[in-house]
Amino acid sequence: MSLAFIGIVGIIILIVALFFLGMPVGFAMAVVGFSGFWYLVSFKAALSMVGTDIWVTFSKYGLSVLPLFIFMGYLVFYSGLGERLYKAAYKVVGHWRGGLAIATIGADELFAAICGSNTATAAAMSAVALPQMEKYGYDTRLSSGTVVTGGTLGTVMPPSIILIIIGLQTEQSIIKLFLAGILPAILLGSLFVITIVVVCWLNPTFGPAGPKTSLKEKIKSLIGIIEAIAIFILVIGGLYAGLFTPTEAGAAGVFFTFIATVLMRRLTWDDLIKALRETLKISCMAFVLVTGATIFGKFLAVTRLPFVVADFAAALPLSPYIILALVLLIYLIGGCIMDALGFLVLTIPIFFPMGLALGFDPIWYAIILTMVTTMGAITPPVGVNIYVVKASAPEIELSTIFKSASFFLMACIVCITLLIIFPDIVLIIPNMAQ
């Protein structure tokens, strides 16, 4: 029995553990990885590997960036900044046909720029935007679809939690990944807006125009989001200028956000406790995923399966982009049947070395994989953003939300296609920062 075949058996056992035993992804990867390493080397070596590698992973100073950005995102969430961002966008474009939906995408873009979580972005906008769109007679297929898909901007717009996890798992520069995600996130948001415009042009009843607002009201609403703009400039501007490491940027962002929300009396003691509780919950989930991925990755390294797959793909008489299309199809299908982040963490040890063997830029490739992961958050049956919106609006049928998200899937596909055709969209900002 070859080592690579043992690796394939390990993956099959992992899939069985996930789907038939219902084990969480992180635990399943840890158990299968430990057992496989034990089988191939020895029990003592497996114990030593777990102790050494987990210590090396979690003693890294850079790992503290994860809870810091998560905490900053939840401080923003519980301070009500999402509502102020929506109101500002609503004042500017709400009087257009489909304007409330466009305002939702604009607020999503700004909220994602200081939050980093697609679920928090979707939760904030569903609580704020859905009642307003219902008030002005928006079709639920457009309103729910806008909120669901707009939340995915938190996946790629820095400070994205997924980009942090990819950076930690592949040892890529988190700063470069953050900078590389800015233009793709803006492009994706713009394509969502175009989708809304087209839908409302084809069927005007989907998004009737809202009331007009005066220039004074517009300016007043923009004043209310100054701290959001300041936080983004502080964090991303500091990273771009080389003033901060990612961890220092996260700490500065948390400090500034906390001071701003407390001084303006927008954060209660209960909200602070909730933010801390959610930060601990999400951070622990992410750390379990990183732990499982570390152990499972060591097992796969011993089997040499990632290198065999990489060599096989590089030797195929096919264009690297055809192979990339197959990989993206696998990610799309995988995101439909299990948690998209879990599937990403699970497959990175196999598909990332393959991408490098095909000659793809590692930063560009990481962004492409992140982009296709965003689609997993809005595809049935496990699209997490769908269930977040359903929890906020129980009166909307789950089937309606799933159908509404389909309006925007083409925008995601077009965005990924453009990033493949024009890789400089991803690479121009990180290259300028070198």
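**Exercise 1.** How are helix 3 and helix 15 oriented to each other?

*Solution.* The model is predicted, with local features requiring pLDDT of at least 70 and side-chain atom pairs pLDDT 80 or more, while totals for chains, interfaces and linings use all residues. Residues are numbered from 1 along each chain as its sequence is written, and side-chain values use heavy atoms, without hydrogens and water.

Step 1. Helices are DSSP runs (H or I, at least four residues), numbered from the N terminus. The axes of helix 3 and helix 15 come within 10 Å and cross at roughly 130°; axes are lines fitted to C-alpha atoms over the stretch in contact, and angles run from 0 to 180 degrees between N-to-C directions.

Step 2. Angles under 35 degrees count as roughly parallel, over 145 as roughly antiparallel, 65 to 115 as roughly perpendicular and the rest as oblique. Helix 3 and helix 15 are therefore oblique to each other.

Step 3. On helix 3, the contact (heavy atoms within 4.5 Å) involves Met-49, Val-50, Asp-53, Ile-54, Thr-57 and Phe-58. Helix 15 contributes Phe-287, Val-290, Thr-291, Thr-294, Ile-295 and Lys-298.

**Exercise 2.** Determine how helix 2 and helix 15 are oriented to each other.

*Solution.* Step 1. Helix 2 (residues 25-40) packs on helix 15 at an angle of about 30°, and their axes are 7 Å apart.

Step 2. The two helices, helix 2 and helix 15, are therefore roughly parallel to each other.

Step 3. Residues in this contact include Gly-26, Ala-30, Gly-33 and Phe-37 of helix 2, and Leu-289, Gly-292, Phe-296 and Phe-299 of helix 15.

**Exercise 3.** Describe the largest pocket and its lining.

*Solution.* Step 1. On a 1 Å grid over the protein atoms alone, a pocket is an open set of points with protein on both sides within 12 Å along at least five of seven lines, whereas a cavity is a set where a 1.4 Å probe fits but cannot get out; lining residues have an atom within 4 Å of a point.

Step 2. The largest pocket holds about 730 Å³ of space. Its lining comprises 25 residues, with Leu-168, Gln-169, Thr-170, Glu-171 and Gly-297 nearest the centre.

Step 3. Helix 15 gives the most to this lining, 7 residues.

**Exercise 4.** Which helix gives the most to the lining of the largest cavity?

*Solution.* Step 1. The search of the whole structure finds 2 cavities of 30 Å³ or more, and the largest cavity has a volume of about 50 Å³.

Step 2. Among the residues lining the largest cavity are Arg-84, Glu-227 and Arg-266.

Step 3. Helix 14 gives the most, with 3 residues.

How values were computed. Points joined across faces, edges and corners; volume = space filled by probe spheres on them.
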